[in-house]
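Please look over the sequence and the three-dimensional structure below before reading the report that follows.

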Amino acid sequence: MIRFTTIVPVFYLIVLLGCNEVKDYSLSSPSGKVNLKFFLNNGGTPSYLVSFNSQVVIDTSSLGFDLKTQEDLIAEFQVESTERRTINETWERPWGETKVVKDHCNELQVNLVGKADASRKLNLFFKVYDDGIGFRYVIPKLEGVDSIFVLSEETQFNVAPNPDTWWIKADYNSYEKRIRNSKLSESATLGTPVTMKMEDDVFMSIHEANLTNYAGMTLKHDTGSTLLKSELAPWPDGVKVRAVLPMKSPWRTIQLSETAGGLITSNLIVNLNEPSKIENTSWIKPMKYVGIWWSLHLFLETWSSGPKHGATTENTKRYIDFAAANNIKGVLVEGWNHGWDTWLNEDSFDYTTPYPDFDPEEVVRYAKHKGVEFIGHQETGGNIPEFEARIDSIFEMYKSLGVHAIKTGYAGKIRVPGQSHHGQFMVNHYRNVVETAAANQIMINAHEPIKDTGIRRTWPNMMTREGVRGMEWNAWSRGNSPSHTVDIAFTRMLSGPVDYTPGIFDVDFKNSWDRMPKWEEFKARGLTLEVRTTVAKQLALMVVLYSPMVMAADMIENYVDQPAFQFVRDLDVDWEDQRVIDAEIGEYITIARKAKDRWFLGSITNDEERMFEVSLDFLDTKKTYLATIYADGENADWELNPYPVNILTKEVNAKTILEINLAKGGGQAIEFRPVD
Ligand code: NOJ
Ligand code: CA
């Protein structure tokens, strides 16, 4: 086997491959900067190698499957046939970071057959783009075999050499993890996306696209090694995937870019998903929302019934009034249905029966009359059989009420013995919810979801999801560090929209701490509950962390008489275009997004203060704009002085160089509005 421990120029590699007389099949991206080689190694093991701008980034790595009742599909293959295709098209989407997406790649299909046993078949599809590579397996229909059990997918990513890596620890039940940074060789088993800085101008992220009827992938490796191997979330009996043939795996993705920001603007993941299956998408609309939510996490109000019950008709109307008065479309209400009093004792939720102090018809009528959308909430508590049994009546209820968006939740363990959140059983459940929702014209915001793999292209009602250590952790746990959101932008966000729930204005809970039961408990442990950002950074997060549903997550009383809330009022989250202006993983990011004729800019830093000179060359050169700037105020600092926001306006144009100053743990948000 050929192994390189350091980066090796490609021409050298070709010579070496030639010496070993290994026939390889090469494929380059349209511009030629990404290159893939497929070959049969050791006389018959399907293998590949990836280079980027002539540097090897994935060294010889093998591919295959270990199956339960058939011969494994790992070695002793020969190439039966190959096919090549080029895709060069653009497609439009109802919402997204950009409205138009270019899909331009070269594709290689390799049909393999067993050398000694022609009944062993495996087809591989490689797509090579300028922003990376996707490959997938197809096990075709085999004679006399209708279904298979995959014991393990044997995909390797032999990362070369040993990059700086931003990663979360793999856990088949949660992605709500701190993001760590270490050399790849020092990491644990990884969740994806996992992002690496190979060199100053080589950035790479490994993930998957179109996770359908399959198990979620993690990446394991021996300590000290950079050879990553796929490890799928299992069924209770240890089988990873139960499949009827032909079986298509998800695409394994390797995003590549010369800049960290290029990973963010990459469309590889969505391009590897199928076109939309929803014809009429007029009911699918990005929106800002507020909700009866943060008060619950601070334990000021309760999901359950009783004197502090949050989801009352009256309280909801207060939120609806606020939304209507502040250019906010949605109001989320949690804790409106029966079940919250007993779910922790393993009882099931009643998904359709409201508590007596909540009147859904009246709430929806009132919201409609005010031009606001009621967003329903369905916490399953992991009781999937019960939820699936009721799924039609749940969605019919929302449809008959005229509700177009719901948030789902999967707190706690999956209540089917041996099942986890990320195995094939749950992948299929999450998809069933999205498809049933689509049939009833309902948008989904999933918490404790399966990871995003770009299915929003196929099912554009799959708006946003959590799958991240979001804002809630700051309310009742050791909170997120000042660098957490700067890490998310380059890791979790590469997979798709993030419902991080930004917009907390009372960042160290001064308006609430004397009523927060957890406050004393934390103090006794020498810890503080707080958000660890400045207020200006909370605004900037609404631009930086992409989501078509952006929550202004604080209690509405904390927005009253706050001049900085004007940014939230003015924000449009139906984006058409984006520019990552400057970015360094875990350090800072400045990003501009366009909505109709306005641009918005968000800039955030970790706990370092920073100054940037930003060229506004993304603006229309023919126009003058009024910039309304929400900057960290004098002496702002996430720890010592998080509140001051300096709001100023300035006339600018595409030639302006704007100085942006960020406090420690700070941020800046700007609206650019054309001047008539
Ligand atoms: C966890 C979710 O992330 C959170 O948003 C929700 O409020 C609770 N579960 C209750 O469903
Ligand atoms: Ca959560």
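## Loops, backbone and ligand

Gln-441 is partly exposed because its relative accessibility is 30%, where partly exposed lies between buried, under 20% relative accessible area, and exposed, over 50%, judged with a 1.4 Å probe and protein chains only. Gln-441 lies in the loop between helix H8 (424-439) and strand S25 (443-446), helices (H or I, at least four residues) and strands (E, at least two) being DSSP runs numbered from the N terminus. Although Gln-441 is not a glycine, its phi is positive, near 55°.

This is a predicted model, in which local features need pLDDT of at least 70, side-chain atom pairs count only at pLDDT 80 or more, and totals for chains, interfaces and linings use all residues. Residues are numbered from 1 along each chain as its sequence is written, chains are lettered from A and ligands numbered from 1 in the order in which they are written, and side-chain values use heavy atoms, with hydrogens and water left out.

A positive phi is also found at Asn-210, with a value of about 55°, and this residue belongs to the loop between strand S15 (202-209) and strand S16 (217-220). Asn-210 counts as buried because its relative accessible area is 7%. Most residues other than glycine have a negative phi, and most peptide bonds are trans.

Cis peptide bonds occur from Thr-192 to Pro-193, with omega near 5°, and between Leu-245 and Pro-246, with omega about 0°. Pro-193 is in the loop between S13 and S14, and the loop between strand S13 (180-183) and strand S14 (194-199) also holds Ser-187. Ser-187 is buried, since its relative accessibility is 8%, and its side chain makes a polar contact of 3.0 Å with that of His-221, a polar contact being a pair of N or O atoms within 3.5 Å, where within protein one must be able to donate a hydrogen and the other to accept it, and residues adjacent in sequence count only if both atoms are side-chain atoms.

The surroundings of ligand 1 include Trp-303, Lys-407 and Glu-472, a residue being near a molecule if one of its heavy atoms lies within 4 Å of it.

| Residue | Distance to ligand 1 oxygen |
|---|---|
| Trp-293 | 2.9 Å |
| His-297 | 2.9 Å |
| Glu-448 | 3.0 Å |

Taken alone, ligand 1 exposes 300 Å², and the protein buries 92% of that, with accessible areas coming from the Shrake-Rupley method with a 1.4 Å probe, and only the protein chains shown counting as cover for residues.
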